[in-house]
Amino acid sequence: MYITLRHIGKSFKHQPVLESIGFAVNARELVSIVGPSGAGKTTLLKIIAGLEAPDTGQVIFSHPVTKHHPVIIVFQDYVLFPAMTVRQNIGFGLKARHMGKNQIKNQVDQMLDYFKLAPQADQYPAQLSAGQKQRVAIARAMIVNPAVLLLDEPFANLDRNLKMETARFIRTTQQAFGIPTISVTHDLEEAFAMSDRIGVLLDGRVQQFDTPRQVYFHSATPAVARFLGPVNKIPPALFPLFRVDEAVAGPLNGTPLPARPENLAIIADPEGFGRITEKTFAGHYTVYTVTVGSQTYTIYSQNDRFESSQHVSLRYRPF
Ligand SMILES: Nc1ncnc2c1ncn2[C@@H]1O[C@H](COP(=O)(O)OP(=O)(O)OP(=O)(O)O)[C@@H](O)[C@H]1O
């Protein structure tokens with residue numbers, strides 16, 4: 001365990017924002033805390049960074065955090081120094097620690113290479129793209145050998161394509177440098193793509209803390225399930241039609257089965273119990289709405305050949 005949060009609580013003007021937050025991050029682990037706007041993600045990050053004091057609870061580091069091994073937070077607007085070049089921005093932390101000029105130059109050169117910023121070394125932040133600014137911000141953080149890296153909304157200000165690329169870049173960098181990292185974001189797809197574990201922060205509490213697959217397919221609460229994406233509900237009476245196994249149905253004790261759009265397969269069947277009522281092409285998959293009696297189901301399929309008003313059957317596929 002590298003960082004342990006115990007019962008962290010915080011209120012602003014008697015309004016509770018965080019209540020009894022607890023989780024632990026391992027060395028070399030990348031954890032994302034996801035939650036809606038205003039959930040308290042930035043407040044939590046500031047508490048971990050020591051920039052804000054919690055009302056209750058503690059943040060415990062297994063290794064001493066020092067000036068030479070600090071907790072570094074990268075804010076969403078990057079806060080680069082506008083009057084400094086890329087090279088000066090990246091070297092800032094070393095200069096502040098009074099490192100020798102040659103040593104700073106060597107280390108900055110390494111970072112410029114690693115982060116593919118050598119061509120921009122003498123440019124100013126205003127001349128950079130959003131993606132380049134972000135690489136400068138992360139390079140500036142990494143150069144000081146942080147004990148822990150904290151990222152506040154790392155995908156804000158980036159366009160869609162750049163978001164996924166950035167998620168992959170953060171993951172590779174974090175692995176290469178081996179630094180425990182906590183990212184807070186409301187960008188779910190990117191958080192899923194890069195994280196070892198995800199904490200879902202809703203109503204002031206981390207309601208689930210587990211692998212991306214587990215929180216998505218086996219959400220701990222209905223609120224977690226809804227926050228992470230569409231959920232279909234299959235009523236017990238329809239279990240035979242959907243071919244739901246006894247192993248899945250048994251533990252539900254007669255309650256509906258929550259099913260992600262990926263948990264349902266469409267089968268062409270002129271006698272089928274469902275009918276396609278909507279079809280939307282979404283690039284690498286197609287979103288279908290299938291009506292069964294008075295219920296509708298949302299399904300993501302790789303097959304885009306089903307047609308609106310076609311009769312179909314549905315099958316439940318556990319993950
Ligand atoms: N210093 C402060 N004084 C008073 N209220 C605050 C302060 N900082 C945060 N808050 C309130 O605490 C709540 C959580 O804010 P926070 O910025 O942590 O949320 P967030 O999840 O990061 O939101 P976003 O995704 O929109 O950035 C908000 O209601 C905010 O208004």
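Student: Over how many bridges do strand E1 and E2 pair?

Tutor: This is a predicted model, in which local features need pLDDT of at least 70 and side-chain atom pairs count only at pLDDT 80 or more, while totals for chains, interfaces and linings use all residues. Residues are numbered from 1 along each chain as its sequence is written. Strands are DSSP runs of E with at least two residues, helices are runs of H or I with at least four, both numbered from the N terminus, and two strands pair if DSSP finds at least two bridges between them. Strand E1 (residues 3-12) and E2 run in the antiparallel sense, with Ile-8 opposite Ile-21 in E2, and the bridges between E1 and E2 number seven.

Student: What is the order of the strands in the open sheet?

Tutor: The sheet has three strands with antiparallel pairing. Strand E2 (15-25) and strand E4 (56-61) each pair on one side only, which makes them the edge strands. The order is therefore E2-E1-E4.

Student: Which helix gives the most to the shell around the ligand?

Tutor: A residue is near a molecule if its C-beta atom, placed from the backbone, lies within 6 Å of it. The residues around the ligand include Phe-12, Gly-40, Lys-41, Thr-42, Thr-43 and His-186. Three residues of the shell come from the helix that spans residues 41-49, namely H1.

Student: How far apart do the C-alpha centres of domain 1 and domain 2 lie?

Tutor: The domain assignment, automatic or from a database, gives domain 1 (3-227) and domain 2 (232-316). The separation of their C-alpha centres is 38 Å.
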